[in-house]
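Here is a short briefing on one protein model. It covers a surface patch and some annotated positions.

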Amino acid sequence: MDDLDKLRNEIDNIDCQMVKLFERRMETVLKIGEYKKRNHMPILDKDREEMIIKKNIAHLKNRYFHKSAVAFFGSIMEISRNLQEESIEEKLGVKLYGLIGEKLIHSFSPDIHENILKKLKIKGHYHLFEVKRENLKTALYGLKALGISGVNVTIPYKVDIIKYLDELSEEAKRIGAVNTICFKEGQIIGYNTDYYGFGKMLHRNDIKIKNKKAVVLGTGGASKAVVQYLLDYGIGQIAIVSRDAHKGKEKYKEFLVVDYEAVKALKGYDMIINCTPCGMYPHIDCSPVKKEELLNFNTAVDLIYNPQETLFLKNAKTEGLKAVNGLYMLVGQALKAQELWNDLKIDYSICDEVYKKLLTI
């Protein structure tokens, strides 16, 4: 019994030393969390964690403890990450976000943002705000007055809303359309995260654009973001298709602009990208171009995500084209919006996780 008491006393002394070291470590962890937040760095750094565990295990003199030591330092890493996330969450508080548009009943955005917020452990809610055109200015200023952290903007206001904003990001200036708004320090600032989401979608589906030729259907806000991305990343040639080629030419003076009757004459292009709402639920029997006109391309992209396979994409698949919908773009642009609203750098592995979950809905 005396021996057990002696051993337990030794454990108590060791624990006492460990508590002091634990407190010292956690205080340092919080300082690192603050640094990561200020510098828009993700909380998780897998490579560094693996390196630290490996380095510490190398100090072991008794190899019998190897497995237990790996588990011990793995737990320490997890506790440290959780502490940093809880600290940031506590400082952020509960935030409100939303989507401004004309008809939003079929929007996937609430599901996407609620999933992202949950994964980031941010307390917040995302709401839909259907707004009539004549009330757009009043609604925007009302959201600012209510203390909303940020909103997305969708059809048909991505261009019209710009005149009510105080400031535009560089990409939004070049594109001439806004789909994300931040309310910060009394200012209303517009961004275009469609631009980033489109890029994520191309990358995930291995669609190369450098020196390729693209036909873009539509001249609205989504089209502007797509065209700017294609130009920034080296597209070789772009043709624009508009219901009114004359008006389309006023927007896109540097490109070939034709109406839909002329699509069949567009030869030698690699991809066709639908940036119009044609085919969107509930008008699922519509396609912006005829099935036989798709034979001129090898890739078809539809920014529509509801339904996931539009008639446009169904016809494209039938004709042997690579066919990609806009769901991943929607998730990608939402993740970029959350980065802007919360001043965070987010690990984009979350994009795949949220996307896969949406596929099951």
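Which helix gives the most to the nonpolar patch? Helix α1 (residues 2–38) does, with three residues. The model is predicted.

**Nonpolar surface patch**
- The patch is formed by I11, I14, M18 and F72.
- Together these residues have about 340 Å² of accessible area.
- F72 belongs to helix α3 (residues 66–92).
- F72 counts as partly exposed because its relative accessibility is 39%, between the 20% and 50% cut-offs.

**Binding-site record**
- An unreviewed UniProt entry lists S107, F108, S109, T154, N179, D194, Y305 and Q333 under "binding site".

**S107**
- S107 sits in the loop between β1 (95–101) and α4 (109–120).
- Its relative accessibility is 15%, so S107 counts as buried; the cut-off is under 20%.
- Beyond residues up to four places away in sequence, S107 touches L99, L128 and Y305.

**T154**
- T154 lies in the loop between β3 (150–153) and β4 (167–168).
- T154 has a relative accessible area of 21%, so this residue is partly exposed.
- Setting aside neighbours within four places in sequence, T154 is in contact with L99, I100, G101 and L104.
- L99 is in contact with T154, and L99 is also touched by S107.

Definitions and conventions. Residues are numbered from 1 along each chain as its sequence is written. This is a predicted model: local features need pLDDT of at least 70, side-chain atom pairs count only at pLDDT 80 or more; totals for chains, interfaces and linings use all residues. Side-chain values use heavy atoms; hydrogens and water are left out. UniProt positions are given in the numbering used here, feature names are shortened, and annotations may be inferred rather than shown by experiment. Helices (H or I, at least four residues) and strands (E, at least two) are DSSP runs, numbered from the N terminus. Buried means under 20% relative accessible area, exposed over 50%, partly exposed in between (1.4 Å probe, protein chains only). Contact means heavy atoms within 4.5 Å. Patches are made of residues with over 30% relative accessible area and no salt bridge: like charges are joined within 9 Å, nonpolar side chains (Val, Leu, Ile, Met, Phe, Trp, Tyr) within 5 Å. Accessible areas come from the Shrake-Rupley method with a 1.4 Å probe; for residues, only the protein chains shown count as cover. A salt bridge is a side-chain nitrogen of Lys or Arg within 4 Å of a carboxyl oxygen of Asp or Glu.
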